Amino acid sequence: MEVFLGIPAADGTGIGTAFVIPDPVKRAIPQHHINIDQINRGWSRFEAAVQTVTLSLSEHLDSLSKTSERDRAQREVFETYILMLEDPVFKQEVRDFYENQLFNIEYTVQFKAEEYAAKLRQAGNYYLSERAQDITDVFGRVLDEMLDIHPFDINSVPDGSVILATSLSSADTIILSKRKIAGLALSEGGVSSHVVILARNYGIPTVVGLEEISKKVRNGETVIIDGKDAEILVSPDRNTIEEYKAKIREEYQRKLSLRSFLSKPAVTKDGTRFKLYANIGTPEEAEIALAEGADGIGLFRTEFLYMAQSGASLNAAARSFSEQTQFEAYKSVLQIMGDKPVTIRTLDAGGDKLINSVDLPAIEEKNPLMGLRAVRLSLEYPNILKTQLRALYRASVYGNLEIMFPLITSVDQVKECLELVNVVKQELTSEKIPFQEDTPVGIMIETAAAALISDCLSKVSDFFSLGTNDLTQYTLGIDRENQHVSGLYNEFSLAVLRLIEMTVRSAKENNIPLAVCGEMAGRQDSVMVLAGMGIRNLSMSPKLISSTKELLSRFTIAELEAISAKHLNNL
Ligand code: PEP
Ligand code: MG
């Protein structure tokens, strides 16, 4: 038996079969000249690759529903791809270039496809620039076929796997959540990285910071994963397996014992009421939130909604930015939650949550977490924000909606967002589309800048929600995704606690509601500190709601205040 130690990320124990997800292979296109007598062989390879790709696209097309809205978008993409592959004019251009320049076929195809895409992009027309991405994608598939590169299909992961990988995208994690995954062992990632947040939401035991783990374990080996102690046990003996099976049974028993808290309100030993909300990333998770006894949704991360839809074609994800698709998702969450409040956050894309969209150019940034992320991106591309706001306001009549802007750093930024809110309201009014006029509009306090000016921000916001993940990251200058500095990522740092304290004071003095929706809101040690600081609204992974109720029921407010005071006095 071999044991590997990492960083604890998502609690829970799992036993399963190792499944190694290979690192993505970068497409390297060879470039060289060929002889005339090699032309036909190269051309046949190109035609064979086109045929294989066309066939696989047609098969996928056949598997899609002809009636569903989401499938309709994908159908359009695949139909366009097939037309492009069959386009005789483009094919002749490739052939002419190939025969005249005598470059190898792979380079020829890449060169001509890029040239074609660039022309379309330069046309400056939305529709044509969308086609440019299609060209790049579809001929990329042809090149992969010729170079024998087979991108890993996340859907091929079997149930019961313990997944070992260097890293995982949020989109892949969402797809995996639909499977019965025994655990996740990653080389990269920090405790509040988004993959980890998602794994926690889906109850997948996770360990990160396991150096080169995907090279150390072979497919098919039995693996035990212990999320709490951050251990991976490979090829354990029978006794060890029995020991961990007992642990899994214990965890299950604890879950059962917490069920008595499901329908109870969250109250301390001395009767102070707390509101415990759920953080979700997809509409389906609203059902889980309700079943876990959430008082509402405290944070709907809408960027995950887009990521979850990437499916078989990246471009299909781009199209799902449509107002109607968003409207339906928001409406569904509001309807599921009934009269309970639902806080939906506008797109927090960028940084580590990249989204492929025709509305956004591919943005190359040296330091994306400091870059065009969240509200900055939305204000740079206001059409995206406007579409989202229209969908939100249209959905507002179906429940108790609150709208929230992420990564705010100035009053002007909020004002700019509110101007767009007004434009959208006016548009809907003139189109006679009903909406909830007094939908509260609030902001996330997740930068030191926002906390420091929270008194001013409270004048332009209906509520605050503290995003302690980013607040910690930006205050301490510690990349929350980076396993090399994760030991320094400390939410209990006095600097972070003082910023929280300052925000709580501003909210209180200006009489606006405040919640915490970062990971601190659901962890037992930090819940006590936040509660002792006067915070009464906590939003967390739905799976943590019962255990948080149980925790609060064991303490009085005075006891919780004493715990906070210790931290705030740096004792
Ligand atoms: C946060 O930063 O604490 C937060 C809740 O937002 P996210 O984790 O999505 O960045
Ligand atoms: Mg954040």
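Let me start with Asp470, which counts as buried at 2% relative accessibility; buried here means under 20% relative accessible area, exposed over 50%, and partly exposed in between, with a 1.4 Å probe and protein chains only. Before I go on, a word on what you are looking at. This is a predicted model, where local features need pLDDT of at least 70 and side-chain atom pairs count only at pLDDT 80 or more, while totals for chains, interfaces and linings use all residues. Residues are numbered from 1 along each chain as its sequence is written, chains are lettered from A and ligands numbered from 1 in the order in which they are written, and side-chain values use heavy atoms, leaving out hydrogens and water.

Glu446 sits in the loop between β14 (441-445) and α17 (448-452), and Asp470 in helix α19 (residues 468-476), so the pair ties together parts that are 24 residues apart in sequence. Helices (H or I, at least four residues) and strands (E, at least two) are DSSP runs, numbered from the N terminus. Glu446 is buried too, at 2% relative accessibility.

A cavity is a set of points, on a 1 Å grid over the protein atoms alone, where a 1.4 Å probe fits but cannot get out; lining residues have an atom within 4 Å of a point. Sixteen residues line the largest cavity, and the closest to its centre are Arg301, Arg345, Met444, Glu446 and Asn469. Helix α19 gives the most to this lining, with three residues.

Now for the record. The UniProt annotation "active site", from an unreviewed entry, covers His194 and Cys517; such positions are given in the numbering used here, feature names are shortened, and annotations may be inferred rather than shown by experiment. The two are spread over 324 residues of sequence, yet cluster in space, with a largest C-alpha distance of 13.5 Å. Both His194 and Cys517 are in the lining of the largest cavity. His194 belongs to helix α7 (residues 194-202), and Cys517 to the loop between β16 (514-516) and α21 (524-532). Are they buried or exposed? His194 is buried at 2%, and Cys517 is buried at 1%. Beyond its neighbours within four places in sequence, Cys517 contacts residues including Asn279, Met444 and Ser539, where contact means heavy atoms within 4.5 Å.

Last, the packing. The largest nonpolar core has 80 residues, and Tyr330 and Phe405 are among those with the most contacts inside it. Its largest share, seven residues, comes from helix α15 (residues 382-395). A nonpolar core is a set of buried Ala, Val, Leu, Ile, Met, Phe, Trp, Tyr and Cys residues joined through side-chain atoms within 4.5 Å.

Conventions
1 Å grid on protein atoms, 1.4 Å probe; cavity = no way out; pocket = protein on both sides within 12 Å on 5 of 7 lines; lining within 4 Å.
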